[in-house]
Amino acid sequence: MLSVVVSLTSSSMSMSSGKLQDESQWSSEELKLSQLLDTQAVRELHVAIQSQWDPIRLSACQTAAGRALWRHVIHDPLADLLAGETYLRSLHQKIKKDLLNNARETSGVILAVRTLWFDSKIDAALSSFAGEAQVVLLGAGMDTRAYRLTSLKQTDVFEVDFPDVLEVKATLLEAATESMNEHNPPKMTAKSLERVAADIRNADWVEKLKRSGFEPEKKTVWVLEGILYYLSHSQALQVLKTIADKCSLAHTVLLGDFMNKPSTTMSSSLFHFYSDWPDDLLPSLGFSDVKLSQIGDPDAHFGLMDDQLNLFNKLRGLPRSAQIHPDDGTPCCRLYLVQASGLPNETNI
């Protein structure tokens with residue numbers, strides 16, 4: 001459920017980075033595919049994915065392709081396997097075209113920045129907790145944090161998504177285990193991992209989460225990466241309010257990305273929920289501490305946004321209330337990275 005990156009990069013504005021110091025990872029003519037993709041079982045799974053999944057589900061593979069091809073900044077050995085050849089080749093061609101055209105924005109950088117931002121905020125939140133904690137990934141898709149973040153070694157992780165997405169993901173990881181050297185299978189870095197088959201658009205997802213071992217009274221980081229804008233306004237607000245209510249039970253941290261209204265026009269059939277001011281919205285729902293960043297801000301940069309004339313740096317120079325760019329008349333499509341939290345002894349607004 002994470003296709004905002006691919007959707008943005010396929011727009012007329014390439015939605016990516018300034019010049020990278022090292023472009024050698026993309027300079028070769030041919031894409032080198034992981035051997036994990038060569039087995040018949042894996043190929044058949046990805047054929048089924050392409051023929052049976054809807055755009056929301058397919059976005060999980062698109063995002064995995066981004067992590068795979070930005071491997072010089074994101075370490076994710078399983079990303080190729082979960083992305084599949086179709087999306088790897090598609091994004092690789094976009095990157096090559098951007099480099100050939102000397103573009104200011106190279107396809108996929110928003111995903112790289114977003115991934116690194118979420119990783120860093122998860123690490124920081126867990127570090128701030130005393131004692132055991134939980135991480136809940138809503139709309140987890142092909143997320144692999146339970147296998148790659150060492151900060152999760154004392155943490156129980158819950159992945160919530162559609163049953164078919166979680167089933168295919170588990171099958172792909174099993175195939176990787178069988179095909180990789182027996183001394184180097186994919187290993188979890190998390191203390192534990194539970195996959196919860198549930199649709200967060202329905203009211204029963206919390207009960208399913210609890211039945212899988214989630215403890216409402218335990219400190220929790222909720223990760224909503226690339227998911228909120230696929231929901232209707234009422235569905236998104238209900239999910240956010242449900243999480244906000246947990247602040248009265250335990251130290252709670254919410255990490256999410258929010259589209260502004262102009263961003264939803266890029267795909268009116270897919271993107272629905274938006275918030276131009278999530279730093280006002282979340283306190284109204286019950287969070288007591290909210291911090292907002294835009295791509296290119298000091299904590300959402302990671303050395304990938306050096307070109308001051310790239311799209312995101314240009315937008316950061318405009319008031320957030322601006323809906324249309326005064327220079328070219330294009331919509332001001334923004335993606336906000338937001339951290340919100342609350343403690344049981346705090347009085348929520």
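**Entry 1: Asn 102**

I started at Asn 102, which sits in the loop between helix H5 (85–100) and H6. The model is predicted, and I read it as such throughout. I looked up the backbone here. Asn 102 is not a glycine, yet its phi is positive, about 55 degrees. Is Asn 102 buried or exposed? I find it exposed, with a relative accessible area of 55%. The cut-off for exposed is over 50%, so Asn 102 qualifies.

**Entry 2: Phe 302**

Next I went to another positive phi. Phe 302 also is not a glycine, and its phi is about 55 degrees. I place Phe 302 in the loop between E6 and helix H13 (311–316). Its relative accessibility is 34%, so I log Phe 302 as partly exposed.

**Entry 3: the chain as a whole**

I then stepped back for the totals. I count 13 helices and seven strands in the chain. The chain has 349 residues, and 58% of them are buried. The accessible surface comes to about 14700 Å². Carbon and sulfur atoms own 49% of that surface. I also checked how far along the sequence the contacts reach. I took contacts between residues at least 6 apart in sequence; of these, 76% join residues at least 24 apart.

**Entry 4: H3 against H5**

I took H5 and looked at its packing with H3. The axes of H3 and H5 are 9 Å apart, and the packing angle is about 55 degrees. That makes H3 oblique to H5. I note the crossing as right-handed. Which residues of H3 make the contact? I list Leu 58, Cys 61, Gln 62, Ala 65, Gly 66, Ala 68 and Leu 69. From H5 come Tyr 87, Leu 88, Leu 91, His 92 and Ile 95. I sorted them by class: nine nonpolar, three polar and no charged residues.

**Entry 5: H3 against H6**

I kept H3 (residues 55–69) and turned to H6 (residues 109–128). The two axes are 9 Å apart, and the angle is about 85 degrees. H3 and H6 are therefore roughly perpendicular to each other. H3 gives Thr 63, Gly 66 and Arg 67 to this contact. H6 gives Leu 111, Arg 114 and Thr 115. The class count here is one nonpolar, three polar and two charged. I note that Gly 66 is listed in the H5 contact and in the H6 contact.

**Entry 6: H10 against H12**

I moved on to H10 (residues 233–245) and H12 (residues 278–285). Their axes come within 9 Å and cross at roughly 55 degrees. That makes H10 oblique to H12. The crossing is right-handed. On the H10 side I find Leu 237, Leu 240, Lys 241 and Ala 244. On the H12 side I find Leu 281, Leu 282 and Leu 285. Six residues of this contact are nonpolar, none is polar and one is charged.

I then asked which residues of H12 are buried. They are Pro 278, Leu 281, Leu 282, Pro 283 and Leu 285. What covers them? The cover includes H10, E5, strand E6 (289–294) and strand E7 (335–342). After H12 comes Gly 286, and I read its phi as positive, near 130 degrees.

**Entry 7: Ala 250**

I followed the chain on from H10. Ala 250 lies in the loop between H10 and strand E5 (252–259). I log Ala 250 as buried, since its relative accessible area is 5% and the limit for buried is under 20%. I looked up its partners, leaving out residues up to four places away in sequence. Ala 250 touches Pro 216, Glu 217, Lys 218, Lys 219, Gly 342 and Pro 344. One of these, Lys 218, is 32 residues away along the chain, with a C-alpha separation of 5.8 Å from Ala 250.

**Entry 8: Ala 190**

Last, another alanine in a loop. Ala 190 lies between helix H8 (163–179) and strand E3 (192–197). Its relative accessible area is 8%, so I count Ala 190 as buried. With residues up to four places away in sequence set aside, Ala 190 touches Ala 146, Leu 152, Lys 153, Thr 155 and Val 157. I checked one pair by C-alpha atoms. Ala 190 and Lys 153 are 37 residues apart along the chain, and their C-alpha atoms are separated by 4.4 Å.

Definitions and conventions: Residues are numbered from 1 along each chain as its sequence is written. This is a predicted model: local features need pLDDT of at least 70, side-chain atom pairs count only at pLDDT 80 or more; totals for chains, interfaces and linings use all residues. Side-chain values use heavy atoms; hydrogens and water are left out. Axes are lines fitted to C-alpha atoms, for helices over the stretch in contact, and angles run from 0 to 180 degrees between N-to-C directions. Helices (H or I, at least four residues) and strands (E, at least two) are DSSP runs, numbered from the N terminus. Angles under 35 degrees count as roughly parallel, over 145 as roughly antiparallel, 65 to 115 as roughly perpendicular and the rest as oblique. A crossing is left-handed if the near helix is turned anticlockwise from the far one by less than a right angle, and right-handed if clockwise. Contact means heavy atoms within 4.5 Å. Ala, Val, Leu, Ile, Met, Phe, Trp, Tyr, Cys and Pro count as nonpolar, Asp, Glu, Lys and Arg as charged, and the others, Gly among them, as polar. Buried means under 20% relative accessible area, exposed over 50%, partly exposed in between (1.4 Å probe, protein chains only). Accessible areas come from the Shrake-Rupley method with a 1.4 Å probe; for residues, only the protein chains shown count as cover.
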